[in-house]
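Reader: Please take one part of this model, the nonpolar core, and go through it closely.

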Amino acid sequence: MNIVGIITFLSLSLLLTSLLLIYSKLQHQTPGKLAAIIVFFLLNAVPLVYIVYTEQSMNYASNSFSLGSAFMIVWLITAVIMFIGILFRSRSGNEDPYY
């Protein structure tokens with residue numbers, strides 16, 4: 001596995017962790033909300049994985065503008081979601097055993 005694959009895996013892992021952090025602090029954890037989080041994750045993951053796959057399968061040099069743009073979008077979404085998750089964690093009361 002090359003460095004782009006490792007960065008993709010780490011980026012998507014951080015995105016999933018951020019989403020699960022938000023899900024863990026929801027008041028009512030229903031299967032519908034979990035399904036919505038999974039769908040949101042897939043909507044962000046599939047385009048990135050597709051672009052990485054097409055960039056890796058090309059036999060010629062490209063400018064990798066689409067690859068950089070895809071990573072930037074996923075990283076921005078991850079940063080916003082992580083910030084929201086940290087806000088949820090900090091606003092929780094003493095009922096959280098991991099606080």
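Author: **The nonpolar core**

The largest nonpolar core holds 16 residues, and those with the most contacts inside it are Leu12, Leu15, Leu19, Phe41, Leu48, Val52 and Phe71. A nonpolar core here is a set of buried Ala, Val, Leu, Ile, Met, Phe, Trp, Tyr and Cys residues joined through side-chain atoms within 4.5 Å; buried means under 20% relative accessible area, exposed over 50%, and partly exposed in between (1.4 Å probe, protein chains only). H1, H2 and H3 each supply at least two residues of this core, and the largest share, six residues, comes from H1. Helices are DSSP runs of H or I, at least four residues, numbered from the N terminus.

The model is predicted: local features need pLDDT of at least 70, side-chain atom pairs count only at pLDDT 80 or more, and totals for chains, interfaces and linings use all residues. Residues are numbered from 1 along each chain as its sequence is written, and side-chain values use heavy atoms, with hydrogens and water left out.

Helix H2 covers residues 31-57. Its buried residues are Ile37, Phe41, Asn44, Ala45, Leu48, Val52 and Glu55, and they pack against helix H1 (3-24) and helix H3 (65-91). Leaving aside residues up to four places away in sequence, Phe41 touches Leu12, Leu15, Leu16 and Leu19, where contact means heavy atoms within 4.5 Å.

As for length, the 27 residues of H2 should span 39 Å at 1.5 Å a residue, and the end C-alpha atoms are 37 Å apart, which agrees. The expected span is 1.5 Å times one less than the number of residues.

Leu10, by contrast, lies in helix H1 and counts as exposed because its relative accessibility is 52%.
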